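Subject: Structure for you to look at

Hello,

Here is the structure I said I would pass on. Please open it first, then read the notes below with it on the screen.

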Amino acid sequence: MIPTLAGRLQTRLFLFLFIGVPVTLAFVFVLAGWKFDYDIAMPFLLFLVTITGLGLLLDPIYIFIQTTRWDRDWPFAYQFFFSWVEFGIVFAVARAGLIPWLPVSVEGQPAPLVDFSSSAAIGLATLHFACVFIPSFLALLGPMQAIFVRWRFKGGQFGKL
Amino acid sequence: MITFPVRFRVRQIGIDGNTMGSSRILLCEEPGAFLVGKTDDADVPLTGDAVSRRHMSIVLSAEDVRVRDEGSTNGTYVNGTRVAEQVLEVGDQVSIPGWLLELLAPAESAASATRIAGVEVDASLVSRLVITDDDAPPPSRRTFPEMEFAGKDIVGIEALRASGHPVEEVKFCAVGGGLGSFVWVDHLRCYGISASDIRAIGTEEVCYRTYQRYCKNSQIPDHERLRSNSLSRPDNIWGFPGYALREVGKGIGVKGIFQVFGEPTLSESYTPRAGDVFDSLDVEAKRIGWSEMFVKAQVLGLRKTSDGRYAVAYKLWGGEAQGEARNRYVIADVVHLATGYPATRFVDDFQTFITNHPDSRAQVANAYEPHDQMYIEAERRGGPVQVVVRGRGIVASRIIQRLHEARAKNPDIRILHSMRTPIGARDGAVFRKARRLVRNNVEIQPFNWPKSCWGGDLRVEYERAGEEDRGVMLSQLGGTTTAERSDWIAIAERGAEEGWYRPVYGNISDLQPLPSPGPEQPDGVQVSINTVEGNEEVLNADYLIDCTGLIADIRRSPFLADLLDTYHLPRNHGYRVTDQGPQKGGPTGLRCTNDFEIEGLRNNQGRVYAAGTITTGGPYLAVDSFLGLQYSAIRSVDHLVTERIHKVRNLGPLRSFGGWTKWMVGARP
């Protein structure tokens, strides 16, 4: 990959909207027992929004790292690794209860439906993120180019050259 | 019918490309084959170091006059195109190194046949060179396409029709017929243009033939890997699925997928096999109907027409048509020029050596010319063989690998690797915060430009830069590099340890033939090097393989030279970075816009685009690569869409996906 900053931001938002959101909705649909449950869907969606937001903030740093590389590229392996780092950061901070919109159980209050501090959350959040990450990552490996024929020449940006 | 005697004007060409000395006339009075060359028994003895002993034959029959290359080292050219055998017409120019032969019109009468410019020529000198005085007859012009084209920058369609030559009209015409033309035509087809609206003109029926020849000569046979990316597929405008995935599908192996995942940092960069690239091009050629669009012909000229189009003059090669019927015009709304490397030139000292010491020609080779014989001889010969490999690029790496393979048959082959200076681990090129990796005194880069030149931030920055800044970036980011391949690194390291590979640093100051030390002993070549320590080191080698590349000069293509002169087209320039700032260097490629349009050729609604090496120094760095050809193609075809005058429809997401689906199932676009 040889993304530019604008390309990173645009592609990240695109993947969030067209893979992240639908996959999350499908995920919670199955999780809730083949029905839509707003209270289960919201925490997962917000969790994904948070990861995407963190990613948007980290993108300039990734671009800086690219400028120190002679080829100014971004190996697929880095993309893979840092995606999980982003997930790990958000999950750890959420678990500590430091992200107000991601629910954790507080002593003396009824436990929320989705509790990021619970032990079950590790497996569930990892499974959810894997479901979003795998198709997003595979899309970057080439299928994006089948739909957006100029995307690879624009460093991940959309539109004309 | 041929009228005898057939007359050629023979002129000697100096090293500067101009004619020198007096003209001579070659008279051939009867049918037959006349050998031209340096050997004593040649019918037409021509001297010169780059002339082969048996260089070519002039074959005369009652029907036609033709030239046939006799397997010469430096080739026989007709009107600037290298030929094996070619029928000549009056005015055709046959060139071999140092000589130009021009077929003259038949004499008006038998008496005047032997009178040239008023000088009576001895008729007994039939089929021999006849020296006339300096006042040779005025140069006969070729009648096609000069009759319609010469001295004009705009021609009328009526005049072309009146010429009697067949005139065809199409919308799109690709000139070149090689990979550049193919990729552009592939884009047009995938954008929905019908095959009947497109003509592609070139001298090779298979679009990758010339490329394949360069690969073979530089020791990349079909089973070896190229220096190209998995997603750079000239047969697929989307670049997906890449060659690595194709290998999985063909059962070749899954290693490529992991290479693509980790490259270039965690694994060696994946590169496709040459043969796989060619096979996939064959499949795509069939899918888009390349053979329906392709015309095997030599393009002789291009002119604007008075109705806002272009006339392309070409001469059919082969086929049924004979004589004047082979000369044709095609009128096109949009023309694409991708003529590739024009006649190529060697580096100066190498050229001087082969010019001065033709007998030692078998001892030296440029890596891009056929030189398999060297390896075969070195393998066959028992005892020590010393080979000097000059240069440090990717070709040198591959040549050294080939010599290493030859060592399996003759373990006494020693490699002396001549490089100008050593490069320390921290001496790699610097571009802002980044430094290029160095291994074994060679700069390492996966491809011939830093990756982001193809589609990352460097592409954007370079395109936006002014002429001078582009020149500076080009010189900072370019340079000779090789790919990081563990087998190549191992060869250099093991060879140095075991004593059969040795790098030698310094400028080559002299090349001299080394006479054979005794009967039955082969000749050699003496290479003198001014070493970096200030000493002179003399290497007595059996062979020298020069891997410093070829110099491309677009003016050496008669077609491009005519265009440059007729329309006063501007060219790009190279820049050197010096202490006083950037210094402008010599001219490079044709100047074109960011959409690869040659603005000087714009003709009302007519457009001319270019691609490939002839656009060097233009809006894109990696023009001479598979992906670069696709980039220039998509830019120029998108430009046609934006201008809305040639009815090319945009390739948006839906149409793109539809076209890709057709590619996947092999359906015609």
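**What was found**

Of the 161 residues of chain A, 37% count as buried; a residue is buried if 20 or more other C-beta atoms, placed from the backbone, lie within 10 Å of its own, exposed if 12 or fewer, and partly exposed in between. This is a predicted model, in which local features need pLDDT of at least 70 and side-chain atom pairs count only at pLDDT 80 or more, while totals for chains, interfaces and linings use all residues. Residues are numbered from 1 along each chain as its sequence is written, and chains are lettered from A and ligands numbered from 1 in the order in which they are written.

**Chain A**

Chain A has five helices and zero strands; both kinds of element are DSSP runs numbered from the N terminus, helices being H or I with at least four residues and strands E with at least two. Its C-alpha trace spans about 55 × 35 × 20 Å along the principal axes. Among contacts in chain A with a separation of 6 or more, 66% are between residues 24 or more positions apart. Two residues are in contact if their C-beta atoms, placed from the backbone, lie within 7 Å.

Helix α3 (residues 76-95) and helix α4 (residues 119-140) of chain A have axes that come within 11 Å and cross at roughly 150°. Axes here are lines fitted to C-alpha atoms, for helices over the stretch in contact, and angles run from 0 to 180 degrees between N-to-C directions. On the α3(A) side the contact is made by Q79(A), F80(A), S83(A), F87(A) and F91(A), and on the α4(A) side by A125(A), F129(A), F133(A), F137(A) and L140(A). By class, this contact has eight nonpolar, two polar and no charged residues. Ala, Val, Leu, Ile, Met, Phe, Trp, Tyr, Cys and Pro count as nonpolar, Asp, Glu, Lys and Arg as charged, and the others, Gly among them, as polar.

**Where the chains meet**

27 residues of chain A are in contact with 39 residues of chain B. On the chain A side, α3 and α5 (143-147) each supply at least two residues. Which helix gives the largest share? That is α5(A), with four residues. By class, the side of chain A that touches chain B has 13 nonpolar, six polar and eight charged residues.

**Strands of chain B**

Strand β1 (residues 6-13) of chain B has six of its eight residues buried, so it is largely enclosed by the rest of the structure. β1(B) pairs with strand β11 (residues 99-103) of chain B in the antiparallel sense over five bridges; two strands pair if DSSP finds at least two bridges between them. In this pair R9(B) stands opposite E102(B).

Strand β19 (residues 310-316) of chain B is mostly covered, with six of its seven residues buried. β19(B) pairs in the antiparallel sense with strand β18 (residues 294-305) of chain B over seven bridges, and also with strand β20 (residues 327-337) of chain B over six bridges, again antiparallel. The bridge partner of A297(B) is L316(B), while K315(B) stands opposite N327(B). Four residues lie between the strands in the hairpin of β18(B) and β19(B), where G308(B) takes a positive phi near 80°.

Regards
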